[in-house]
Protein chains: 2
Amino acid sequence: MPSLPSLSEDALQTYVAGSRDRWLAELSAFLRIQSISTQSEHAGDVRQGAEYLRDALKRIGAERAEIVPTGGHPLVYAEKMVSPDKPTVLFYGHYDVQPPDPLNEWTTPPFEPTVRNGNLYARGSADDKGQVMLQLNAVEALEKTAGKLPVNLKFIFEGEEETGDANIAKFVPENKDLLKADAVIVCDTELFEPGLPTLCIGLRGMVYTEIEVEGASHDLHSGLYGGVAPNPLQTLSWIIAGLKGRDGKINLPGLYDRVVPPGAAERASWQRLPFDSQKMLSDEIGSPALEGESDLGELERMWARPTLEVHGIAGGYTAPGAKTVIPAKATAKVSLRLVPDQKPDEVMAMLEKRVAELAPKSVRATVRLIHAADPLLLDTNHPAMTKAAEVFAQVWGKETVFVRSGGSIPVVALFHEHLGIPSVMMGFGLPDDNLHAPNEKFNLENFYKGSETIARFLAAFGSAKGK
Amino acid sequence: MPSLPSLSEDALQTYVAGSRDRWLAELSAFLRIQSISTQSEHAGDVRQGAEYLRDALKRIGAERAEIVPTGGHPLVYAEKMVSPDKPTVLFYGHYDVQPPDPLNEWTTPPFEPTVRNGNLYARGSADDKGQVMLQLNAVEALEKTAGKLPVNLKFIFEGEEETGDANIAKFVPENKDLLKADAVIVCDTELFEPGLPTLCIGLRGMVYTEIEVEGASHDLHSGLYGGVAPNPLQTLSWIIAGLKGRDGKINLPGLYDRVVPPGAAERASWQRLPFDSQKMLSDEIGSPALEGESDLGELERMWARPTLEVHGIAGGYTAPGAKTVIPAKATAKVSLRLVPDQKPDEVMAMLEKRVAELAPKSVRATVRLIHAADPLLLDTNHPAMTKAAEVFAQVWGKETVFVRSGGSIPVVALFHEHLGIPSVMMGFGLPDDNLHAPNEKFNLENFYKGSETIARFLAAFGSAKGK
């Protein structure tokens, strides 16, 4: 491997080591803010999250750190410009978090950050507050040890990543000059396994919907009307069963037409990854067996195949005991993950058509789009990508692997389309971080080492490119 | 039609007319008590309901009116014995009510009884507090106008009818002497149409269950694990779709083997009923079309065919917005209505077997029985039944019709089995009373006329039978 860049290793490492307790305290304060963006009663908390982040940016000497109002939750923008001759890196992250329910499954409360076994447990610890804060740590550490930053920096953080409401999708195209940069750093992904430098080059897209079925004009007694009245919960079951088979195939005509299978080189690289599906089953999932398209490998199913999931079904009676009701209405939250070259609008149209076909004439069924995102596959030969891979390998002592994520980060497609620059997805989460689930955690070694990695990437990117 | 029995019509009618306001006030006070038996936080209210009823029984001069503790909500017992030479009538009803949710669909609050257009709106008004109180009204009116009751009376009221927990199912076999009677009067059914005297002679049975599906050991992110992890909500959809087809047929092998089709005479009497399925659809149901076994008539489907309904599906995320979760676990409340000669234990075994077949090996699926009841068909030639039909016709001025109910009243099977007596189901509700739904109501004319009808039945039954 090539040697590390010119800044003093010892100085940087020493600085990081000396900052651990303070950085942990700062992150913990951030995590105590219940910035749940999908729940309107937490709008004030989301605002407080933005304010905390603005102040943290000011602490590391950012200029014009400010809260930018949107139609929804605000953005936080800041910059630290050193010279027009230097390249510019744009940092992206999100300060909002998923709802914490079911609360009773948390070992310690979701908004009381707690360290156990070297991990920090809290909602948002890995997704994404921990990874936002390590970007700020990196800038602080580099400036303090190198004396002067070798790159210009811009920061754009949003508070709606978990909602899909995406006011950033308006902001980016309307502020191309403000955001102009040579590359984006996105810390919102994970290492393939502990200690393995990992760059994510592919993301699945998303069509998130709510299917509503209306039957009778009011709730009915199942004794009196069972046998003649439509039951929207039964209808939803027919629809959902009709959308996906036990073989994992999604029954939307035309859905697979645009799916581009991974190439031979990418397939070969996946073969070399330290991946064991039985280990994933036992360590990460814990169900009796895996499910899905058994004619394809697990990595291909998670990264390069469209999937359909039901996230919740509402309607009728679910409290303890028995209620013999036929509900008038029921809804299901159903999403599809998309892969290149699928188009969200085309998939939404297929879903609407299929739901209409699957619903009997005794009910009214509608599909409402909640949010959508394009799938994406990045160019591994871009200079920011090659430099990131190089530095990542140097700091962690292992060759960097390129993977995809089955998740969706809509903003990456946005930066690609409107700013014409790639997003280097160097995230420091781990596969068992329980994102979107109870007991979310972030590994503290990754928090500190991630801070160092980003610092060294900035140093390398700044010195490698004269602009 | 034969003339009315010997007590003074005018005196009884005058007494009923003069008692309307007081009876309405007494019923309203009863309805303000939130005796929701399925919700443990309302246990105190259920107790208060029992106390109210005991005191009301004391007011009409009942002896030994008392609250009888059980393993769950208490029973209320009372009696009014006039002579060992007279026949004995046992009154049954329930003072518990269904949960009122969804609350936002009520025009006026469920526990603030409100009169609109001659109807009393409140949870429990028709099911069953209004019908319990008219039994007490009848006793009071008869005694005040006839001077002396011509029958012995016993009263047994329960607070668990809506739960299916059925401590009365232990009490009845253990207290056969206490409850010994010649007939039971059950006021918990409805008129076939307004003004039409109706006796219910058949009830469907019930198997009410909760199906639980467990997949992963914890909630998962659908981006990261969509394509390989089982989704219990998807599994439930496959199971529920597999249990019932779009043709209304229930896919449980053997389920229909014991179903006894209605005989020719009963079918012919159904033909004569003032029933219009399109009117039911528009006035009572309000969905775009009816559903179910289209090869059979609607009355047969509601009264003489087993049905399967889903009452609620829990698991995952159903609050506003989007959460991309694959829930670890999901449950569905699923019940079957049974008809003669189906057996609840056999049907439960069929359901368990079928659910096990329908669940993929990636999940654990279990079926838990919440409660069960036998179906029943009564003998229309029993003296209590013929006398009830006669008096009902006299008071209301129309020939009494015999119908079945698609609902389940487990206690009727209990009285039949352990006391060896029929339950005369003379109820005064109406088809659009919104039982178990928002805006439950009870027609006030039926409340008063029902009080008179029961009074005249007691007079007729007492004079017709020397014992």
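Q: What makes 9-203 + 375-464 of chain A domain 1?
A: The domain assignment of chain A gives domain 1 as 9-203 + 375-464, and domain 2 as 205-259 + 303-373. Such bounds come from an automatic or database domain assignment. This is a predicted model, in which local features need pLDDT of at least 70, side-chain atom pairs count only at pLDDT 80 or more, and totals for chains, interfaces and linings use all residues. Residues are numbered from 1 along each chain as its sequence is written, while chains are lettered from A and ligands numbered from 1 in the order in which they are written.

Q: How many residues does the contact take from domain 1 of chain A and from domain 2 of chain A?
A: Residues are in contact if their C-beta atoms, placed from the backbone, lie within 7 Å. The contact takes 11 residues from domain 1 of chain A and 13 residues from domain 2 of chain A.

Q: Why are β11 and β14 of chain B called edge strands?
A: Strands are DSSP runs of E, at least two residues, numbered from the N terminus. Two strands pair if DSSP finds at least two bridges between them. The open sheet has the order β11-β13-β9-β14 (chain B). β11 (307-314) and β14 (364-373) of chain B each pair on one side only, so they are the edge strands.

Q: How do you know that β11(B) and β13 of chain B pair?
A: DSSP must find at least two bridges. β11(B) and β13 (residues 329-338) of chain B have seven, in the antiparallel sense. Glu309(B), for one, has Ser335(B) as its bridge partner in β13(B).

Note on methods. Two residues are in contact if their C-beta atoms, placed from the backbone, lie within 7 Å. Helices (H or I, at least four residues) and strands (E, at least two) are DSSP runs, numbered from the N terminus.
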